[in-house]
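Take a look at the model, then read on.

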Amino acid sequence: MMKRVLIVVLALLLIIAGGLAGNAFRNARMLAEGASYRFSTTVNPAASASATPAGGSSPSASTGAGNSATIDVSYEAVIAHVDKSTVAQVTNQTTGQGWQAHIARSSGSGYTLTAPDMPSFTIKQSANPFGSASLSTSADEIAAKDKSLQAQHPATSAPSAPASPSQGPTAAPSPSSVARTQILSASPLLANGQLDPGVTVRSGDPSAASALECTTSGSILESFDCSPALVTGAEACWLEPSTGAGSVNILCVDAQPRTFIRYKNVAVATGGSASGSEPIWIETDDGSQYRAKADGALDISSDNYSPIFLCAAGPCRQSGDNVLWSPTDASPHIDTSQGTWRVLVGTVTSEAPAVKRSEAVTKAWVTSGA
């Protein structure tokens, strides 16, 4: 009898140990480099954006039916390991806005993703031992904290007046809609030469790294370009702070602002001149983000316009817009003559004139001088 009891107890202990080991493995896999989680819901951003007026009238009385509109919104959180820390790069796939979130252990089998003034999320393990972890938050959390949704779907105090005949659907926005373009640094490095913990870095193709040839001015804070840039996007790079391993790594701009590609063991020579200050990424008034285009052929319209900045994130993904410019145009590809920079945005086909409009630039990330 005693022997049977011991066998049962041993079996139970083995089951418990196996369960604990399985949970530990699943939790570790939750934060593996590159692990991706998605969450979708429906929110009403305008309802959150409209607070009760000072006079005491209710929002529904002053905003009308505009606030009853809801939108579908999706988020993706990708786990990344940056400077021995594990973070999550969260992207609102509806607006294209992205941010880096801190990861902390939550109660139960999960983790919380938090960032200042941004929605918080939870990655939670499935109760099913064979199930996958999932990303979640509440619609109220999103509506209250994701200002990019409120900017694109603001509360309105009255129905919009119809456009006049002279103000077609491609009319330029009012210059007063953007007070002044914000000039930001495109560099992945801090002023002390260390890697900025706020940037996101992914590993580049080793075969592409071995083909790169770069020449720097010798200063770690100065950007430089490499060839061939077309395949790798290495037209704006920085030396990565030395890791003491004897290899030379570089960080080159990726598609979205504050994202970079790390190329390892690159042939880098000194003696080049410092690059000038060039915009690498820009964000326009509608929330679209664009990246400077490397050399290479794309469609040219019948009136000689072609993309000079390519859509990276935001509404331009749905519209197919890029930033356009023509070498026969007397204006520069970015008009910086005023405090608010402006660009031409639109689409091109080879058989017709470009469909374009003027857009204000709200943010510009430049290689130096910010």
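## Ground rules

Buried means under 20% relative accessible area, exposed means over 50%, and partly exposed is in between (1.4 Å probe, protein chains only). This is a predicted model, where local features need pLDDT of at least 70 and side-chain atom pairs count only at pLDDT 80 or more, while totals for chains, interfaces and linings use all residues. Residues are numbered from 1 along each chain as its sequence is written, and side-chain values use heavy atoms, with hydrogens and water left out.

## The big picture

The chain has 8 helices and 21 strands; these are DSSP runs (helices H or I, at least four residues; strands E, at least two), numbered from the N terminus. Of its 370 residues, 39% are buried.

## Salt bridges

There are 8 salt bridges in the whole structure, each a side-chain nitrogen of Lys or Arg within 4 Å of a carboxyl oxygen of Asp or Glu. One of them pairs Glu141 with Lys145, with the closest N and O atoms 3.1 Å apart. The two sit 4 residues apart in helix α4, so about one helical turn separates them. Glu141 is buried at 19% relative accessibility, whereas Lys145 is partly exposed at 32%.

Arg357 also bridges to Asp321, at 2.9 Å between the closest N and O atoms. Arg357 is in strand β21 and Asp321 in the loop between α8 and β19, so this pair ties together parts 36 residues apart in sequence. Both residues are buried. Shared partners link Asp321, Arg357 and Glu359 into one network of salt bridges.

Most residues other than glycine have a negative phi. Asn265, though, has a positive phi near 55°. Asn265 lies in the loop between β14 and β15 and is exposed, at 56% relative accessible area.
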